[in-house]
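I opened this model to look things up one by one. My notes follow in the order I made them.

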Amino acid sequence: MPTYRELLAQLRSEIEEVDAVRARDLLAADEPPLLVDVRELDEWAEGRIPRAIHVPRGFLESRIEQAAPDKSQPIVLYCAGGNRSAFAAKSLEDLGYENVVSLAGGYTDWKRNGFDTELPRSLDTEKRARYSRHLLIPEVGEEGQLKLLDSRVLLLGAGGLGSPAALYLAAAGVGRLGIVDDDKVDASNLQRQVLHSTARLGEWKAESARRTLQELNPDVDVVPYRERISSENVERILADGWDVIVDGTDNFPTRYLINDASVWHGIPLVHGSIYRFEGQLTVFDTKAGGPCYRCLFPLPPPPELAPSCAEGGVLGVLPGIVGSLQASEALKLALGIGESLAGRLLLFDALVTEFSEVKLKKDPACPVCGEHPTITEYVDYVEFCAGRPAHA
Amino acid sequence: MLREEVGGAREVPAQGANVRELLDDLMSQFPSLRAQLVREDEIAPFVNVYVEGEDVRTLEGLDTPVREGQTVILLPAMAGG
């Protein structure tokens, strides 16, 4: 039986190797080969050759076909010293790959030559454990999770919609969550606002939200804004820097205000609204050429035709469903994956459990996002509702 | 919100060759709908009408034709959160 040394020597005569200089030339070409790093995770985390993908030796056979479906595609493999990549090259040849070379001397030699390496951030052990179910998804992975940890999402409202949205965004590891709410926790909230609890009755919702979210995920920086969005503070709050806004407000004036702000700032806005058993959901992303709220409803209804949950009632779980969908849209926007609901208005009827949708087109005559905008300053619509003070 | 005016029904059959006629038929069945739907003889700006998923404002407005079996959605704006 051959020893390891003998096996390795035998292998190296069967596969093709390149030295660091040759590898660098190959990788600098117009159509470079696929570069695969077969080292272990901790080695990869400490630095790698730029543009390499990571397929550890242990997962090579099972994952290589997804990374390189075309078996004639040129591939360069490397490890730390050139031995593991030699074994890997043989494996790939056995799998039918036609154009595989191994980097003799490996990453060590590459570095000794003074060639470029990259040391991107990677997740520590705790984060790898916490987000492991994300890391397993190809569309997310470590890169996606790092993106989420860098993302900043502003949530308007820590109520029915805001509760599930905030919970799921925090769980996902969105790095910063802003929570705007000037209300206090009330008993009638607890039928649906799962961010809060009986123990928190009378507390500020933004603070209550912060405590719940921080306990769920200490990685998240939760920024409470104990105020109501209006023309007076919207610019200040937005100036803190947000990638996505989630609208979980409960009144028309604020919805129009935040819409206009999101258009002018080019920040996508995830819209959700509910009433009794029904919900509406979409994404307003004018920066990507989509419609805005005013393309959908140019003007708010008069107060007497605009019942709030307090007046109409709502099935407790309904905002749970719609708010969770809002979180889903926000995550996709933060990750830059999939398709958002921009251009589509999703309708949900819980009574018959039916999803339907209607098309939402950008209106060229829209007063805010159209070709000739007529609204160029914030409007504070005045809303009089039974038992609610007017905000002028 | 509109369901209250039609006795809680989700779907209501109505007749008409176009959206205008359809809504007239609907409002003759349920007169209290008019206050919710109509503003100065036009559909209120906070209620949208969709024929097979398309906003009639992007089609022919109230003159948009409707065929038998098509679904017309009356969608009021909602603000609850």
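**Entry 1: confidence**

Over residues 384–392 of chain A, pLDDT stays under 50. The model still has 13 contacts beyond four places in sequence for these residues. I keep in mind that this is a predicted model. For chain A the mean pLDDT is 93. I also noted that 96% of the residues of chain A reach 70 or more.

**Entry 2: chain A overall**

I looked up the secondary structure of chain A and found 16 helices and 13 strands. Next I took the radius of gyration of chain A, which is 27 Å. The globule rule gives 21 Å for 392 residues, so chain A is more spread out than a compact globule. I then read the span of the C-alpha trace of chain A along its principal axes: about 90 × 50 × 45 Å.

How is chain A divided into domains? I have domain 1 at 4–112 and domain 2 at 151–359. Taken over C-alpha atoms, the centres of domain 1 and domain 2 of chain A are separated by 47 Å.

I checked burial too. Of the 392 residues in chain A, 42% are buried. I also looked at sequence separation in the contacts of chain A. Among those between residues at least 6 apart in sequence, 67% join residues at least 24 apart.

**Entry 3: nonpolar cores**

I reminded myself of the background: in soluble globular proteins, nonpolar side chains tend to be buried together. Then I looked up the largest nonpolar core, which has 82 residues. The residues with the most contacts inside this core include V153(A), L155(A), L169(A) and A330(A). Which helix gives the most to this core? It is α16 (residues 317–335) of chain A, with nine residues.

Not counting residues up to four places away in sequence, L169(A) touches V153(A), V174(A), L177(A), A327(A) and A330(A).

**Entry 4: G370(A)**

I found G370(A) in the segment after β13 (354–359) of chain A. Is G370(A) buried, exposed or partly exposed? I counted 17 other C-beta atoms within 10 Å, so G370(A) is partly exposed. Leaving aside neighbours within four places in sequence, G370(A) is in contact with D363(A), P364(A) and A365(A). I also took the C-alpha separation of G370(A) and L169(A), which is 32 Å. These two residues are 201 residues apart along the chain.

**Entry 5: positive phi**

For R276(A), phi is near 55 degrees. R276(A) is in the loop between β10 (269–275) and β11 (278–284) of chain A. It has 20 other C-beta atoms within 10 Å, so R276(A) is buried.

For E52(B), phi is near 50 degrees. I placed E52(B) in the loop between β3 (47–51) and β4 of chain B. E52(B) has 14 C-beta neighbours inside 10 Å, so it counts as partly exposed.

**Entry 6: chain B overall**

I read two helices and five strands in chain B. Along the sequence the pattern is α-α-β-β-β-β-β. The radius of gyration of chain B is 12 Å, close to the 12 Å that the globule rule gives for 81 residues, so chain B is as compact as a globular protein of that length. I noted a box of roughly 30 × 25 × 25 Å for the C-alpha atoms of chain B, taken along the principal axes. Buried residues make up 26% of the 81 residues in chain B.

I looked up T71(B) in the loop between β4 and β5 of chain B. With 11 C-beta neighbours inside 10 Å, T71(B) counts as exposed. T71(B) and Q15(B) are 56 residues apart in sequence, and their C-alpha atoms are 12 Å apart in space.

**Entry 7: the contact between the chains**

How many residues does each chain give to the contact? I have 17 residues from chain B and 31 residues from chain A. On the side of chain B that touches chain A, β4 (54–55) and β5 (72–76) each supply at least two residues. I sorted the residues of that side into nine nonpolar, five polar and three charged.

Technical notes. Residues numbered from 1 in each chain as written. Chains lettered and ligands numbered in written order. Predicted model: local features only at pLDDT ≥ 70, side-chain atom pairs only at ≥ 80, totals over all residues. Contact = placed C-beta atoms within 7 Å. Helix = DSSP H or I, 4+ residues; strand = E, 2+ residues; numbered from the N terminus. Nonpolar A, V, L, I, M, F, W, Y, C, P; charged D, E, K, R; others polar. Core = buried A, V, L, I, M, F, W, Y, C linked by C-beta atoms within 7 Å. Buried ≥ 20, exposed ≤ 12 C-beta atoms within 10 Å, placed from the backbone. Rg over C-alpha atoms; globule rule 2.2 N^0.38 Å. pLDDT = per-residue confidence, 0-100. Domains from an automatic or database assignment.
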